[in-house]
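Welcome, and please have your viewer ready. We will go from one selection to the next and see what is there.

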Amino acid sequence: MAISMESEKKSVVSDVGAWAMNVVSSVGIIMANKQLLTNYSFTFATTLTGFHFAVTALVGMVSNATGLSASKHVPLWELIWFSVVANMSITGMNLSLMMNSVGFYQISKLSMIPVVCVMEWILHNKRYTREVKMSVVVVVIGVGVCTVTDVKVNIKGFICACVAVLSTSLQQISIGSLQKKYSIGSFELLSKTAPIQACSLLVLGPFCDFYLTGNLLLDYKYSSGAIFFILLSCSLAVFCNVSQYLCIGRFSAVSFQVLGHMKTVCVLTLGWLLFDSALTLKNILGMLVAIAGMVIYSWAVEVEKQTNTKSPHAAKNSLTEEELKLLKEGIEKEDVEIGQSKA
């Protein structure tokens, strides 16, 4: 009993650590990128993401070479497919931000939670309790109140937003699915996908950025300050990428989306504290509603876990077909051994 309680405490500490790492590193990247954009006019967002994955891939290679992490087999076609979806997500988000108003861009980001819920129901037959659904609605309303302003829509921007939302949702669901399917850790999976994403983004990124901004990467004049913030952004990206895979592997894509809105609240607050951004009563009320929704979501998920633990029917359904087959074979084998011993 004591061992069980101790392992449960360690699990809670690990979960909190993964959440905290993701929030701190994500907010840190946003602040570093904001410095690059405003003070150093570095407008190459897609290429910068390629730098992020290049550094992450390098860290993964060093980790595998020194034996700090093990390399497990994942089929190459699955890694390529995942990387294509992830790159579509990054490019789609950048195009959506350029072609739509900020208000519609925020609405498209808010739509990811219901889209993830529907996709998990279609792909994995996952269902959510009424309390979880209600808490998600509260979070979406709160973040919508404090972020959505002007809303202007056009056909091209709408298509880009749809591609971005669908690919991002599919990517986040796939992270958890691949980890479970191949029994691979978050860092091991990231170290396999990062090199493919880095190569493709570093090749295609400059062209995408030129289309978005009209600026050529080769014409950019690097200063010591710009190099410092690029390196800082890349370093934080390693922690951000690792913690993203950790969070989705431990929890779910929906929980990760709720966490993402917590980062939005942090960014708004830090923008007000560090960059003198305007913070109206509407922003404050929206943030309070969003935080209340996140608290309700945490409670709803905990209630769902306890209900599933107490319900024997839920425990039975939690076994996969493969696990049931192995269990059946084990029972049959045991019956044969008992029969032979009696003979």
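Start by selecting Val-74, Leu-79, Phe-82, Ile-175, Leu-178, Ile-184, Phe-187, Leu-189, Leu-190, Val-242, Tyr-245 and Ile-248: these 12 residues form the largest nonpolar core. Such a core is a set of buried Ala, Val, Leu, Ile, Met, Phe, Trp, Tyr and Cys residues joined through side-chain atoms within 4.5 Å, where buried means under 20% relative accessible area and exposed over 50%, with partly exposed in between (1.4 Å probe, protein chains only). Two or more of its residues come from each of α3, α7 (155-181), α8 (186-213) and α9 (224-250); helices here are DSSP runs of H or I, at least four residues, numbered from the N terminus.

This is a predicted model, in which local features need pLDDT of at least 70 and side-chain atom pairs pLDDT 80 or more, while totals for chains, interfaces and linings use all residues. Residues are numbered from 1 along each chain as its sequence is written, and side-chain values use heavy atoms, without hydrogens and water.

Next, pick Leu-189. Leaving aside residues up to four places away in sequence, Leu-189 touches Leu-79, Ile-175, Leu-178, Gln-179, Ile-184 and Tyr-245 (contact: heavy atoms within 4.5 Å).

Now move to Phe-42, Leu-48, Ala-226 and Phe-229, which are among the 11 residues of a second, separate core.

Then select Leu-76 in helix α3 (residues 76-99). Leu-76 is exposed, at 57% relative accessible area.

Finally, show Cys-208, which is buried at 13% relative accessibility. Its sulfur is too far for a bond with the closest cysteine sulfur, in Cys-160, at 9.7 Å. The whole structure has zero disulfides (pairs of cysteine sulfur atoms within 2.5 Å).
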